[in-house]
Structures are given as structure tokens and as C-alpha cells.
Amino acid sequence: MRADLPPRGPRVLHKCFSGLGVMKGLLSRCRALSVLAICSHQLSGSSPHRFYHCDPERGKRLVLSRMFQPQNLREDQVLSLEGTSGDLTCKSQRLMLQVGLIHPASPGCYHLLPYTVRAMEKLERVIDQEMRAIGGQKVNMPSLSPGELWRATNRWDLMGKELLRLRDRHGKEYCLGPTHEEAVTALVASQKTVSYKQLPLLLYQVTRKFRDEPRPRFGLLRGREFYMKDMYSFDSSPEAARHTYGLVCEAYGSLFRRLGLRCIRVQADVGSIGGTASHEFQLPADIGEDRFAVCSGCGFSANTETLRWLQTDCPSCRGPLTEARGIEVGHTFYLGTKYSSIFNAQFTDAQGKPCLAEMGCYGLGVTRILAAAIEVLSTEDCLRWPGLLAPYQVCLIPPKKGSKEEVAAELMDHLYDLITEALPQLRGEVLLDDRTHRTIGNRLKDANKFGYPFVIIAGKRALEDPAHFEVWSQNTGEVVFLTREGVTEFLSQVRVV
């Protein structure tokens, strides 16, 4: 035997063990071939997509890992955001902070994060549809309002400390508008050619409003900066103005029905805005700061501030009144000529005679509606949205990386593409939870907390032929297993705005 060669026996033994390792690897791969063949068969004809968080119209998938959003904060972390435990007093505030819908900027002011902005945009679209259906025209007035307009109506002093005031470098006084009666009336008054044929004129906007609340609380329910829809109507007569008032109230009712919210219209005080009639739209909630009374007999309802002290019987039918708490999400006022007479907002009648316009104003608290809906629809631990306002309608959860079901991951990718191609209305509404280092259970828990209306999972049954996906309807608790064709048929009923 040559000294430079190793002994033959051990080398042969080493080769045998190495060969066994290779064989085990081949056997392991063979066991997966049947599953892989099923998946490959179901994926035939599909084209690959890359994962981006960008315009879904360009064929790229929206993925959760790219979202700018703090998630799953512990209770103590949420408390630290708002200062003390006494500052965190309602469910919607706690949940919205915990899942990263909002983030405090200063007392009563919040950063609205991506999910919230999407929900707000959807709510604004629903509002636009309802307001335009009754003839509303959208405008956008400056938040910075000259002090002389407010002095003309005496509200510069009447509003007191709630009015956020400032001076420019020239010493001119302004306020950050909490509402725009003065501004819109001055705008219409500046148009000297308004004819009765143009009436009713309904101008509205959705903008930021400001109020120097002495004690902001409840998150978006009572803040210093908020979004509001405010509409202003101009009519030719008191009868026409009351008709317009009724139309707007009906539109509000339609809006809340579409959102699935049970709002009650109640008689209310005119407050600092003034006028001769007023109604609030109250969403019943234990956290509500308003109290109202309802008669089950005749349907009468009113804010308790408008009733006599200790009044317990209905002023209309003398039946018993039931008291409840509510969150005011809308308010309407019949103003008459209170503002048009001050700013000389006129129109020309059929005889060519100038006449003062009869006015109304109508507010909706946009951020408040969103927070109030979360307050009344959610559980203690999980967000629930009005169906039309959910930031994303569908969340897809592929298998965990390294799991037995991992070979079905690509099926989920192509299910995403199938949904967005077969159902164009859901483009931009489907989110893929690509955090595949986490278990399906952990991601399902997150999806439940975020409140996506529909969650679709590629679990064990995705390995069947044909593949079946687990479909969760979060608002009903229903769970079904569907093929990819069944999934698209199921989701075709989803309403979006």
C-alpha cells in the first residue's frame, strides 16, 4: 500500500453514509412532489408579480409588511402615549391607539395614520354621494377667518375661549374656524347676481375645524382639531327653507343607514349658532356625553336640555319618556335670516326685487362618526368597522415559511391576483399579510384585532385538489371553505365605495 493513499475501508464507509444522506433528501423531496404537482397544476398559466406597497392598478400587491403603522401595543404602552390612565377612558380611543390608527401629537390633536386616512376618505365619499344627491355643491373655504366677520355677528365675543384666535404680523385678528356661517354668507353676499332660479343653493365642504376645548378627551370624539362636513343652504322663502331642511335630514338618515349605524334624530337647543329650530343626530352609547329622551309611543325625542327639569312624560302624547346617553354625530339648524340680514346675502325674485335669503346649516362630525362607529361596533379587544368604511376589505394570510403548507404559498399569491382581476371593485381593497415568519394563528389574531371584514387563509386544505381556502367573515363570525372560484363568487357581493 502506498503511504500517500488513505485506507480504503473507511473511505468506502464514508461514501456509504454520504449516499444515505442524499437518498434521504431525495425521498423527502419525492414525498412533496404530489403536493407540489397539485399546486403547479393549479398555478399553470399564472404570471409572477412582485410585492410592493403602491398603486394596485399597476398589478403589484399591497403587502402588510410595508405599512407605516405601530401594531399590537401593550396596554401600558398605550397609556404612556396619552399620559395617565385617567386620559384613556373609552374603548375607541384605546383600540385606535393600540393598533396604530392614530398617534397623539398634542392634547386634543392626533396624527391620522394610513388606515384611518383610508377610512376617512371612504366616509367622505359616502357623504359626497348623499350631499350631491340633494343638490349639494362642494367648496373649500379658508380655515383662517377674519375677526371682523365674527364681530359682525357678535360671535367673536359670544364664542369666548373656545375660539382659537391669532394676529398676523400687521396686527389683524383672525380665528381658526370652528364653523363657517360668517364666511359662507359673506361669500354669497359678494355675488350680486344670484337669481331665485338658482335656489336652493346648497354649498358644503369637508375640512379641518378647530375648537379650544378646555379638556380634550375620548380621542377623536372630543378634540381641538377635527374634520367636519358643514353645509349651508340658501332659499327663497321660509317654506322652501324648511323643505330643504327636511331633505338634508333625510340625507343624514340615509347616510347612517348605509353605515349600519342606528342614529336618533332629537330636538336640540340652537346654542351659539342660533336660528329658530335645531336637531341633533345621536348615536346611542354609554360613553356619550349627551343625554336625550325618547317616547316609544309616538316617537318624540329631544335632548334633555330642551325639556323641563325632571320632566318624565312626553310633551306630545303624555306617554313615558326613556332617557339614554348618546354621541352627537350630526347637527342641523334652521337659521332664517339671522346671517343673511347681517351680511346682506340677497337674491333677485321673479319680479326683479332683491330679497334676503332664508338659510340653514348642517354639520356632520367626520372624525367623530368614525370614532363613534368604532366605539359602538367593536368588542373590547377587536376593532369593527362599518362595512363601507373598513380600510381594507380583504386580508390574505399565506402559510408560515417552513411549514408543511408552505408549498401552497404561491397559491395565495395567485388568489390575490385572481380577486383583483376578476373583481375590479376590490382593487386596492386586498391586503396580503406577508409576514410569513409568524404563524397563521398569530396573524389571524392580528387580522381579528384590525377588523378586516374578510380574512382568507391558505391552511391545510389549500393542499387539496382543488385547493380550498378558509374564509372568515369577521362581522358575522361565519367560517367557510371555498375553492378559488368560490372565493371570487363570495367576494363579488362585497360593497365598496
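Mentor: Let us begin with Asn-154, which is called partly exposed because its relative accessible area is 47%, and the term covers values between buried (under 20% relative accessible area) and exposed (over 50%), taken with a 1.4 Å probe and protein chains only. This is a predicted model, in which local features need pLDDT of at least 70 and side-chain atom pairs count only at pLDDT 80 or more, while totals for chains, interfaces and linings use all residues. Residues are numbered from 1 along each chain as its sequence is written, and side-chain values use heavy atoms, with hydrogens and water left out.

Trainee: Where does Asn-154 lie, and what is its phi?

Mentor: Asn-154 lies in the loop between helix 5 (147-152) and helix 6, where helices (H or I, at least four residues) and strands (E, at least two) are DSSP runs numbered from the N terminus. Its phi is near 70°, a positive value in a residue other than glycine. Leu-310, in the loop between strand 12 and strand 13, also has a positive phi, near 65°.

Trainee: Why does Leu-310 count as exposed, and why does Ser-296?

Mentor: Leu-310 counts as exposed because its relative accessibility is 62%, and Ser-296 is exposed because its relative accessibility is 71%. Ser-296 is found in the loop between strand 11 (290-295) and strand 12 (301-303).

Trainee: Why are strand 18 and strand 21 said to stand at the edges?

Mentor: Five strands form an open sheet of mixed pairing, in the order 18-17-19-20-21, and two strands pair if DSSP finds at least two bridges between them. Strand 18 (430-432) and strand 21 (478-482) each have a single partner strand, so one side of each is left without a neighbour in the sheet. From one strand to the next the twist averages 20°.

Trainee: What makes strand 20 and strand 21 a pair?

Mentor: Strand 20 (residues 469-473) and strand 21 are linked by five bridges in the antiparallel sense, and Leu-482 of strand 21 is the bridge partner of Phe-469.

Trainee: Which residues of helix 13 are buried, and what do they pack against?

Mentor: In helix 13 (residues 484-491) the buried residues are Gly-486, Val-487, Thr-488 and Leu-491. They pack against strand 17, helix 11, strand 19, strand 20 and strand 21, where contact means heavy atoms within 4.5 Å.

Trainee: How many residues line the largest pocket, and which lie nearest its centre?

Mentor: The lining has 47 residues, and Arg-211, Arg-222, Glu-328, His-331 and Arg-368 lie nearest the centre. Strand 13 gives the largest share of this lining, seven residues. A pocket is an open set of points on a 1 Å grid over the protein atoms alone, with protein on both sides within 12 Å along at least five of seven lines, and lining residues have an atom within 4 Å of a point.

Note on methods:
Axes fitted to C-alpha atoms, helices over the stretch in contact; angles between N-to-C directions. 1 Å grid on protein atoms, 1.4 Å probe; cavity = no way out; pocket = protein on both sides within 12 Å on 5 of 7 lines; lining within 4 Å.
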